[in-house]
Amino acid sequence: MTAAPSAQATARLLAVRRRVEHVDTDASGVVHFTRYPVWQESALLENLERLGVGLGVLASDGLDLVVVEATTRYRSPARYPEELILEPVVGYLGAARVRIDTMIRRSADGVELAVGSLSVALTDRVTGAPRALPPTLYTVLEETRTDVRR
């Protein structure tokens, strides 16, 4: 990878806060189910950017980050205009894939609203062929993990 990671002092995935916007909801003010995976991806991308291995760095190395699987389990509805806390962790780290598990809580009372996972992989930007995680990205993710099953 072309950029050095900045994970040394903050080598972990940090929680991300999001306010539910009106556009996120259905007619009754409840967050639409499709928004949760979007928020999970945003939490991952914000952390990768902060750690120095974001989409721009990957693109400069000829790589694209692609979601290969997304799951969400809904526990309680989020509503407009609540503030949410997205707590991502590395759930699995392999040579070619990583799974980020994210818990979504309501900020006001800490109630768990949803849990989800995104499995992501890399592809070559030109050919679309799968690629292994570059050593720099792998190292940054390895440094952030807390309880990864191998």
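Y36 has a relative accessibility of 3% and therefore counts as buried, where buried denotes under 20% relative accessible area, exposed over 50% and partly exposed the range in between, with a 1.4 Å probe and protein chains only. The model is predicted, so local features require pLDDT of at least 70 and side-chain atom pairs pLDDT 80 or more, whereas totals for chains, interfaces and linings use all residues. Residues are numbered from 1 along each chain as its sequence is written, and side-chain values rest on heavy atoms, with hydrogens and water left out.

Y36 belongs to a cluster with W39 and Y74 that is linked by ring pairs. Rings of Phe, Tyr and Trp (its six-membered ring) pair if their centres lie within 6.5 Å; planes under 30 degrees apart are stacked, those over 60 edge-to-face and the rest tilted. The structure holds two such aromatic pairs.

Helices (H or I, at least four residues) and strands (E, at least two) are DSSP runs numbered from the N terminus. Y74 is partly exposed, with a relative accessible area of 42%.

Strand β2 also contains T72. The side chain of T72 makes a polar contact with that of Q40 at 3.1 Å; such a contact is a pair of N or O atoms within 3.5 Å, and within protein one must be able to donate a hydrogen and the other to accept it, while residues adjacent in sequence count only if both atoms are side-chain atoms.

In soluble globular proteins, nonpolar side chains tend to be buried together. A nonpolar core is a set of buried Ala, Val, Leu, Ile, Met, Phe, Trp, Tyr and Cys residues joined through side-chain atoms within 4.5 Å. The largest has 17 residues, and V90, V98, L137 and L141 have the most contacts inside it. Two or more residues each come from α1, β3 (83-93), β4 (97-106), β5 (112-124) and α3 (135-144). A second, separate core of 12 residues includes V16, Y36, W39 and A43.
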